[in-house]
Amino acid sequence: MTRNDPFGFDISAASDKKRRTKGKRGMSGAFETSSRGCDHKGCTEAGQYRAPKSPDTLDDYFWFCREHVREYNLKWNFFQGTTEEEFEKFIDKDRVWGRETKPFGKKGDEDRAWQRLGIDDPMELLGANATLNPGRVAGRKLPPTERRALDILEAKDSWTKTEIRKQYKGLVKDLHPDMNGGDRSDEERLQEVVWAWDQIKDSRNFKD
């Protein structure tokens, strides 16, 4: 989907990936004033880049120079040996920073019933166009959050949840650092994709 937002910007993940400079990998965690030496055997360069020692001890680090942290990141795979089900559970848990959250407020049963039908204001039913084109799929009424979620996922409003979920999984695997040699430049876009799927998976506006 090449749909633009109201301000004229293409917010799709594919478009963002094309705009990024190819062949360069961003490095995070650099400390220019570090006095540590590189932990790579035989290296005498300064250790300005930290890297976790293992997926089970993410708060314990090796310290490498730029060359050796790049080499370490290319070999790193957080999800090695992880099943697809475990991978999906990790993504859902990571969305709330590993902690369950509670909503600030709850809507009434009537409000939730209208929302399931894609209606924010019940008074819209009294309009002159309320009963025109019943059952129309293309361009159907959707809440703004779900419409934006479809744009981010590059999905169509006529797709089923199964089709959208397949698109979501493909984007996650494409954007996740561990699937890109440790490149974390797509983390912000990855969070948008995870947010977008969260809007769709709990919606009643799409068939399973």
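Among contacts in the protein between residues at least 6 apart in sequence, 52% link residues at least 24 apart. The model is predicted. Its secondary structure consists of 7 helices and 2 strands. From the N terminus, the order of elements is α-β-β-α-α-α-α-α-α. Buried residues account for 30% of the 208 residues.

The average pLDDT of the protein is 75, and 67% of the residues score at least 70. Helix α5 has the highest confidence, at a mean of 90. Helix α1 (residues 13–19) has the lowest, at a mean of 65. Over residues 21–28, pLDDT falls below 50. Beyond near neighbours in sequence, this stretch makes 14 contacts in the model. Where pLDDT is low, predicted coordinates should not be read in detail.

The pairing of α5 with α6 was examined next. Two packed helices are described by the angle and the distance between their axes. Helix α5 spans residues 144–153, and helix α6 spans residues 161–175. Their axes come within 10 Å and cross at roughly 55 degrees. The two helices, α5 and α6, are therefore oblique to each other. On the α5 side, the contact involves Leu-150, Ile-152 and Leu-153. These meet Ile-164, Gln-167, Tyr-168 and Leu-171 of α6. Of the residues in this contact, 6 are nonpolar and 1 is polar. None is charged.

Note on methods:
Residues numbered from 1 in each chain as written. Predicted model: local features only at pLDDT ≥ 70, side-chain atom pairs only at ≥ 80, totals over all residues. Heavy atoms only, no water. Helix = DSSP H or I, 4+ residues; strand = E, 2+ residues; numbered from the N terminus. Buried < 20%, exposed > 50% of the residue type's maximum accessible area, 1.4 Å probe, protein only. Contact = heavy atoms within 4.5 Å. Axes fitted to C-alpha atoms, helices over the stretch in contact; angles between N-to-C directions. Parallel < 35°, antiparallel > 145°, perpendicular 65-115°, else oblique. Nonpolar A, V, L, I, M, F, W, Y, C, P; charged D, E, K, R; others polar. pLDDT = per-residue confidence, 0-100.
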